[in-house]
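Dear colleague,

Please find the structure below, followed by a summary of what was found in it.

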Amino acid sequence: MSASPSPAILWFRNDLRLADNPALHAASEGEVLPVYVLDDAAAGRWAAGGAGRWWLHYSLEALAAALKEKGAELLLLRGEAATLIPQLAQKIGASAVHACSLIAPWARERDAAIAKAMEQAGGELVLHNPFLTTPEAIRTGQGKPYSVYTPFANAVMKLGDPPPAIPAPKRLDGVKPPVKGETLAQLGLLPSKPVPDWAAAFNEMWEPGEAGAHRQLDRFLEDALADYPAGRNRPGEDGSSRLSPHLHWGEVSPRQVWHAVRQRKAPATATDTYLKEIVWREFSHSILWHQPELPDKPLHAEYGHFPYRRDPKAQKAWQQGRTGYPIVDAGMRQLWQHGWMHNRVRMIVASVFIKHLLQPWQDGEAWFWDTLVDADLGNNSFNWQWVAGCGADASPFFRVFNPVLQGEKFDADGAYVRTFVPELAKLPDRWLHRPWEAPADVLRGAGVTLGRDYPEPIIDHATGRARALEALATMKAQA
Ligand code: FAD
């Protein structure tokens, strides 16, 4: 069966699937040893956070079972991949290690070191592209990377549909692991203090793994794609695809999603609007590729002087969903309970954090990193910089969201707030997003005493807005 003279290593990273996996496709031409390495040291502060680790545990479990069914055992290792991968290659006499490329700067550095080590040993690290495009391929007429989304998206759309997805291999010729690996439990990815288990509701919400990704994709195509342009802005409904964790962990490829959406033959505006979101993902990854400082430093250097006022008490109130703004609190509690938050609400909570509370965007980014099941270095840092006004094609800082009006517009019937802020559930719609303005008898009737059952706003909107604009002026004066 084997056309290849030596076995290959298939190194799974953020591509935990069998179908449309170009690295698997290449590695499985002959004998193959699939491996996953938990390498927190190389990732440093960007090692997967708590919610991401929960996801990874179940995704690896599903992947190992799927590989086993095809005839291969998944070897789980923990430690420095830069040492372990070349060692493993040497042990089984593999001349090639196949993997899908990663965008994170720390991972690129590590890949460069492994490629060198492999080369010195007479082998190679072969990286395959898991994106729709490659960050190098989409460039302006002057050969520069795009820094504005619309022309980038136009260039991607102009390429037409991507090549068809590659089917999963029928069988794998698995190599018996030459070393004893860790068990999944030994990797210790699940919350170590199960009481109270903060991830309890994740199990009801999510089905990590390739099969779960396809079930979620099918549900979206069936129930929500046709109304996506409007539905995606209503956090109280299942109007978006919720594919972000599946895409981040690579349980489904953007190419598979692209073709599935096209084949559904939904109204053109729905198909286009959705595919352009997939292109936002490509854009943020392209920005991270070309500007690896994205997770840490503002892309517009003047924002390095922005007069943030770090305030642990305000940050805690925000993290716990106790700011007194119902839409913000609902979002932050959804994040804690489900490891995910609706996009519209992510924008609102980030805006309040940075603008009303004057907290450094990097602190909000770090909280999201730990609590999102879809925490993704490209998407997270790109979007935090977007809200902070300092990133690529960013929203201007002076546009300060009003959390009351945002709530009233996008959660008009209060379905979202009532789900995640149940103490306000009995308030009539009219007051739901501004409980502090409700007459005393309305509050009494709803069983709400402000300051006891639910906080007063952490800062008044007009005051917060004026303070944010003042801070912006201070920064500009210094620049
Ligand atoms: P859908 O509306 O169904 O969109 C489909 C896919 O397109 C998403 O799964 C995602 O892969 C991509 N996409 C959609 N919106 C964006 C966007 N603005 N930027 C980049 N890609 C996008 N997304 C993450 O995947 N990981 C993150 O860590 C992350 N952090 C964010 C932080 C902030 C402050 C903000 C404002 C947004 C962040 N996003 C992040 C983007 C977006 O909120 C999520 O991708 C989206 O909410 C996921 O839900 P969905 O799959 O239902 O999206």
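A residue is taken as near a molecule if its C-beta atom, placed from the backbone, lies within 6 Å of it. The model is predicted: local features need pLDDT of at least 70, side-chain atom pairs count only at pLDDT 80 or more, and totals for chains, interfaces and linings use all residues. Residues are numbered from 1 along each chain as its sequence is written.

The ligand is surrounded by 27 residues, the closest being Ser240, Ser241, Asn343, Asn380 and Asn383. Two or more residues of this shell come from each of helix H11 (244–248), helix H13 (268–290), helix H16 (343–356) and helix H18 (377–388). Helices are DSSP runs of H or I with at least four residues, strands are runs of E with at least two, and both are numbered from the N terminus. By type, the shell holds 11 nonpolar, nine polar and seven charged residues. Here Ala, Val, Leu, Ile, Met, Phe, Trp, Tyr, Cys and Pro count as nonpolar, Asp, Glu, Lys and Arg as charged, and the others, Gly among them, as polar.

The chain contains 23 helices and six strands. Of its 479 residues, 45% count as buried (20 or more other C-beta atoms within 10 Å of the residue's own, C-beta atoms being placed from the backbone). The C-alpha trace spans about 80 × 50 × 45 Å along the principal axes of the chain. Among contacts (C-beta atoms, placed from the backbone, within 7 Å) between residues at least 6 apart in sequence, 77% join residues at least 24 apart.

Yours sincerely

Conventions
A residue is buried if 20 or more other C-beta atoms lie within 10 Å of its own, exposed if 12 or fewer, and partly exposed in between; C-beta atoms are placed from the backbone. Two residues are in contact if their C-beta atoms, placed from the backbone, lie within 7 Å.
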